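Here is a short tour of a protein chain for someone who likes to know where the side chains sit. Please have the structure open while you read.

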Amino acid sequence: MACPFAKHISSEQFQRQPSIAEAHNWNLDEDLSEIPGDALTLTHLNAAIQLLTAPSIDNVHEALMSLIGKYSNRWPGLSKLKSERSELSIYPHYDYLADIQDNLTQIDGNESAVSEILVHLGEELIQTACVGVIERAFKCLGSDLQEFLGSLDGVYDVLKLQEEDISDTGFVCAGEGELIFTSERPVLAWLLLGCLRALARLLFGCEPEIELEPLPGDTPRYRYLLRVDEPAGRALERRGPADVVSGDARDLKVSNQFFCDAFPWHFIMDEQLRLVQMGSAFSRLFKGHVGAAAGGPAGLLCASTVFRFKRPRGLQLHFREIVRRTNTPFMISLRAPPGRPDFFAKGLEIKGQMVFCPESNALLFVGSPFLDGLEGLTCNGLFISDIPLHDATREVILVGEQARAQDGLRRRMDKLKSSIEEANAAVIKERKKNVSLLQLIFPAEIAERLWLGAQIDAKTYPEVTMLFSDIVGFTSICSRATPFMVINMLENLYKHFDELCGFFDVYKVETIGDAYCVASGLHRASIYDAHKVAWMALRMIETCTLYNTHDGQHIKMRIGIHTGTVLAGVVGRKMPRYCLFGHNVTIANKFESGSEACKINISPTTREWLVKHPDYGFQLNARDASHMPKEFTDSKGLTCYFLEGYKHPTLSNDRPLQEHIEEAMRQTLQDTAETITLEVAQ
């Protein structure tokens, strides 16, 4: 099926990059399989933010259909974008949004109109997709629009860190009512504007004025300026009573030393990013080498000298740039201070938040060590007492140790499980070898019962077609050749015969000396048992012409075929054999003895089965009745026949015998399959 917009766009536009949602392949059903259906999880928050950064084809299509229904009178060209969702399902990486923008540009060349339509599409996207748990996920980001924008910055940065996303897509809440969005897809910028309008209306009941302006630079960035006329009552409610918190920094109720002890993992930077204060933990690690002791005088050392800012990525170390990222989680690591190349805490990571202090025009960093367990604590020269009681890092470290012990036990159990599975796989492999060997020696049903240790009772099988064969002059050949020559000759010949047994699906009874015996009708009875044995006999005679004796003469065989009732059973315990018994086995052997070199002697009963289906063109030549075995009790008026050849009626006579027989086998398999289908249907 062609793309629904194929008539509007070029073929190059089909080769789009997969969206973030497709690249991460988040699956709510899998992630939430063990969580109550109404529980809000990080996965839901992930899906909600994806609605802004990488909406799915389903969500965009539903929003587009809603947009067409509302605005088709205003923009008649929108109806040309109507399509069925099923037409898009065959393109898993189809950039639906980009094609919508391209087609809007072709339908309406006015760029401002296209942008306005995309903004309305963003509003419809929120109205149609922001329902249920997705709406609850958005609501948990903040109590007002400014808090929402700040949380959008921090939460998306954490989600990118968990997914190890190295793309430049992201949000930056740069200040009051200012959001910066980074994306390689310009269409998302206009879509996000509509989404922000709809979310402000849905979540906070306000109608902000939003201006969108691109920012210069190599990376596509867009600034959104949001202005909200907040009611006076709500502003007072948000600010709270005026006498609770003083705006004067001199009214701080704690001393510098107390603050440094209460928050040991903090530091303060001035406008030149110089360290002016450090918490007690930092001071103890650096031991005066930095110059900004706990509660002491201002230090002159730049923060970048002793700290490496790892996150957010691409941060420019300028005061105003850091102020713009105060809603983003920060990750810093310690550098060795000047003159301390052996600094033991080098590389220790601290995770926290930057806070802008307008009273002193300074930046306050408050964080805690990012550690994975007690070993990470001690190897950096730290103690549990260095982590304040109010800091959840204490519990993380202790719980991490418990989880590590459980993981160790789980790994040992997994290793034991793997060794058991490997041993079990080896046993199964050997069992398959044994079963395969049994199936080579016995019919499949008998092999299975032998493997299970069940008792095998002898069973009578009616209408079994048996083939006996031997090599003419085999005794003379053995007298003139070495044993190795004889074994090599039989190995090459009978290996070919074994392949024919597999092709015709007949059972090889045994090989004794130069005698090769097969039967059909033992393991799977059908109306074509005699045909398969007859075709194999013809191929055996033909195969003999391909092999020579040690003196260069073609091998000559004589074959006898007979159909009748036999008794079959397993004989022996140490080396069990599947043997055939009965009068008809002797008769079949007699027909082989009464045959001639390169001839196939068949009994009257076998001939009856061959001529029951006139479409199969066996060429039979009647012999004198004197060639009938004396043991054949029903020989009155009957005679035996030489099977001279076979011609399939659908092929020309000049085709090789092998092609005639292969065509007959294909037709036989087809007829058998149709018969089974009819039986099942009945």
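## Ground rules and overall picture

This is a predicted model, in which local features need pLDDT of at least 70 and side-chain atom pairs count only at pLDDT 80 or more, while totals for chains, interfaces and linings use all residues. Residues are numbered from 1 along each chain as its sequence is written, and side-chain values use heavy atoms, with hydrogens and water left out.

The secondary structure comes to 23 helices and 18 strands. Here helices (H or I, at least four residues) and strands (E, at least two) are DSSP runs, numbered from the N terminus. Of the 682 residues in the chain, 42% are buried. Buried means under 20% relative accessible area, exposed means over 50%, and partly exposed is in between, with a 1.4 Å probe and protein chains only.

The accessible surface of the chain is about 36500 Å², and carbon and sulfur atoms hold 53% of that. Such areas come from the Shrake-Rupley method with a 1.4 Å probe; for residues, only the protein chains shown count as cover. Among contacts with a separation of 6 or more, 63% are between residues 24 or more positions apart; a contact means heavy atoms within 4.5 Å.

## Helices in contact

Helix H4 (residues 57-71) packs with helix H5 (residues 96-107) at an angle of about 35 degrees, and their axes are 10 Å apart. The axes are lines fitted to C-alpha atoms, for helices over the stretch in contact, and angles run from 0 to 180 degrees between N-to-C directions. Which residues meet here? From H4 come Ile 57, Val 60, His 61 and Leu 64, and from H5 come Tyr 96, Leu 97 and Ile 100. The residues of this contact divide into six nonpolar, one polar and no charged. In this count Ala, Val, Leu, Ile, Met, Phe, Trp, Tyr, Cys and Pro are nonpolar, Asp, Glu, Lys and Arg are charged, and the others, Gly among them, are polar.

Helix H22 (residues 604-611) has Pro 604, Thr 606, Trp 609 and Leu 610 as its buried residues. They pack against several elements, including strand E11 (459-471), helix H20 (529-544) and strand E14 (557-571).

## Salt bridges

Side chains of opposite charge can pair when their charged atoms come close. A salt bridge is a side-chain nitrogen of Lys or Arg within 4 Å of a carboxyl oxygen of Asp or Glu, and by this rule the count is 21. Three of the pairs are set out here.

| Pair | Closest N to O |
|---|---|
| Lys 70 and Glu 124 | 3.2 Å |
| Glu 211 and Arg 227 | 2.8 Å |

Lys 70 forms its salt bridge with Glu 124. Lys 70 lies in helix H4 and Glu 124 in helix H6 (residues 111-129), so this pair ties together parts that are 54 residues apart in sequence. Lys 70 is partly exposed at 48% relative accessible area, whereas Glu 124 is buried at 2%.

Glu 116 is in helix H6 and Arg 74 in the loop between H4 and H5, so parts 42 residues apart in sequence are tied together. Glu 116 is partly exposed at 31%, and Arg 74 is partly exposed at 46%.

Glu 211 pairs with Arg 227. This pair links strand E3 (residues 209-215) to strand E4 (residues 221-227), with the two residues 16 apart. Elsewhere, Glu 178, Glu 213, Arg 223 and Arg 324 are linked in a network of salt bridges.

## Along helix H16

Leu 409, Met 413, Leu 416 and Ile 420 form a nonpolar surface patch with about 400 Å² of accessible area together. Patches are made of residues with over 30% relative accessible area and no salt bridge, with like charges joined within 9 Å and nonpolar side chains (Val, Leu, Ile, Met, Phe, Trp, Tyr) within 5 Å. Leu 416 belongs to helix H16 (residues 393-441) and is partly exposed at 47%. Ser 436 is also placed in helix H16.

## Backbone details

Arg 311 and Pro 312 are joined by a cis peptide bond, with omega about 0 degrees. Pro 312 sits in the loop between strand E7 (307-311) and helix H14 (319-324).

Asn 361 has a positive phi near 50 degrees and is in the loop between strand E9 (349-357) and strand E10 (362-369). Cys 598 has a positive phi near 60 degrees and is partly exposed at 39% relative accessibility.
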